[in-house]
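I open this notebook to record what I looked up in one structure.

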Amino acid sequence: MNTVFITGVTGQVGSYLVDLFLSKGYMVYGLKRRSSSLNTERLNHTFSNQNLKLEYGDVTDYSSIANLVANIKPDLFVNCAAQSHVRVSFDIPCYTFDASGASVINCLEAIRTHSPSTRFITMSSSEMFGSTPPPQNEQTPFHPRSIYAVAKLAGYYAVINYREAYNMHCSNAICFNTESPRRGETFVTRKITRAATRIKLGLQDKLYLGNMDARRDWSHAYDTSEAIFRIINASTPDDYVIGSGEMHSVKEFAELVFSKLGMDYKDYIETDPHYYRASEVDALCSNPTKIKTNLGWSPKYSYEQLVDEMIASDMELAKREKLIKDHK
């Protein structure tokens with residue numbers, strides 16, 4: 001049985017990758033940080049599967065990664081772990097660099113030392129392009145505008161260095177914004193769908209956002225995980241942009257969500273300077289021609305299908321919340 005080791009397994013994309021690899025018959029090992037509270041909700045539906053095993057560790061701790069790689073010797077290693085909130089990276093820059101950048105070297109060095117035949121891929125980020133105008137592809141110059149982006153860029157070049165220096169099969173998945181019903185509630189798309197459904201049911205009055213003019217390329221986490229699977233299983237390691245090739249502003253996203261619920265977003269959304277970044281990224285939009293041409297990947301979800309699925313999921317959450325409230 002083929003084996004895969006996934007870091008960030010309790011996160012959004014990590015959980016979709018668990019679903020994908022289990023469906024293809026892999027033995028899946030997932031890295032889980034020790035926490036005083038449960039953080040495995042995204043994996044609850046998979047716990048009955050005997051081919052999933054969670055291991056404690058942390059990508060910032062080389063010894064834990066090295067020991068796990070030495071013991072498991074996985075065929076594949078997918079790194080999804082990071083401090084992934086761009087705005088927060090301005091508040092905790094050193095930790096962000098360790099968790100999102102230096103950690104990639106920990107993974108690569110563990111593989112090089114203990115299991116050199118293991119294939120590796122890390123989730124890079126469109127934030128690395130920063131202020132470089134769209135559309136962005138694999139040849140677009142980088143201009144990071146946050147410590148998160150700087151950290152991701154360090155990890156990106158570490159992958160290329162290990163590939164060239166040690167002939168390792170390691171690749172970068174340059175992911176544009178990835179969304180789904182499993183997206184964390186502090187990220188703007190989920191923040192909007194969660195608030196809009198709660199407002200619709202009278203559970204919330206207002207939503208506070210930052211820069212609503214920022215434009216992004218939003219893809220479904222299902223499609224991103226499918227792309228990652230293709231990249232790591234390709235015969236030749238390489239770096240690929242993953243995105244829809246379609247750009248929308250935060251304002252457009254909010255307008256669509258609220259209109260689908262029969263509301264005008266202008267009546268409920270206010271801006272709050274607290275949510276602005278110290279340096280903004282105005283526009284990110286992928287040109288995914290390379291992965292479509294080389295690996296035959298194409299997204300299953302359209303932008304509107306993604307929005308519809310997120311609204312439907314959060315409406316169910318809001319209904320359950322209202323039911324509990326009404327029975328108190």
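The entries below follow in that order.

**Basis.** I worked on a predicted model, in which local features need pLDDT of at least 70 and side-chain atom pairs count only at pLDDT 80 or more, while totals for chains, interfaces and linings use all residues. I numbered residues from 1 along each chain as its sequence is written, and side-chain values use heavy atoms, with hydrogens and water left out.

**Entry 1: aromatic pairs.** I recorded 15 aromatic pairs in the structure. Rings of Phe, Tyr and Trp (its six-membered ring) pair if their centres lie within 6.5 Å; planes under 30 degrees apart count as stacked, over 60 as edge-to-face and the rest as tilted. I take helices (H or I, at least four residues) and strands (E, at least two) as DSSP runs, numbered from the N terminus. Tyr 222 is partly exposed, with a relative accessible area of 29%, and Tyr 301 is partly exposed at 22%. For these labels, buried means under 20% relative accessible area, exposed over 50%, and partly exposed in between (1.4 Å probe, protein chains only).

I then looked up Phe 258 and Tyr 268, whose ring centres are 5.9 Å apart with planes at 15°, so this pair is stacked. Phe 258 belongs to helix H8 (residues 250-260) and Tyr 268 to the loop between H8 and strand E13 (269-271), so the pair ties together parts 10 residues apart in sequence. I noted Phe 258 as buried, at 0% relative accessibility, and Tyr 268 as partly exposed, at 24%. Ring pairs also link Phe 129, Phe 142, Tyr 156, Tyr 157 and Phe 176 into a cluster.

**Entry 2: charges over rings.** My criterion is NZ of Lys or CZ of Arg within 6 Å of the ring centre and within 35 degrees of the ring normal. Lys 300 lies over the face of Tyr 222, 5.0 Å from the ring centre. The charged end of Lys 290 sits over the ring of Tyr 240, at 4.9 Å from its centre.

Entry 3: A search of the whole structure gave me 1 cavity of 30 Å³ or more. A cavity is a set of points, on a 1 Å grid over the protein atoms alone, where a 1.4 Å probe fits but cannot get out; lining residues have an atom within 4 Å of a point. The largest cavity holds about 30 Å³ of space. Its lining includes Met 123, Lys 152, Tyr 156 and Asn 172. Helix H4 (93-114), strand E5 (119-125) and helix H5 (147-166) are the elements that give two or more residues to this lining. H5 gives the most, with 4 residues.

**Entry 4: strands.** In strand E6 (residues 170-175), 6 of 6 residues are buried. I found Cys 170, Asn 172 and Ile 174 pointing one way from E6, and Ser 171, Ala 173 and Cys 175 the other way. E5 and E6 run parallel and are joined by 6 bridges; Met 123 stands opposite Ala 173 in E6. Strand E1 (residues 3-7) has 5 of its 5 residues buried. E1 runs parallel to strand E2 (residues 27-32), with 4 bridges between them, and the bridge partner of Val 4 in E2 is Val 28.

Conventions:
On a 1 Å grid over the protein atoms alone, a cavity is a set of points where a 1.4 Å probe fits but cannot get out, and a pocket is an open set with protein on both sides within 12 Å along at least five of seven lines; lining residues have an atom within 4 Å of a point. Grid points are joined across faces, edges and corners, and a volume is the space filled by probe spheres set on the points. Two strands pair if DSSP finds at least two bridges between them.
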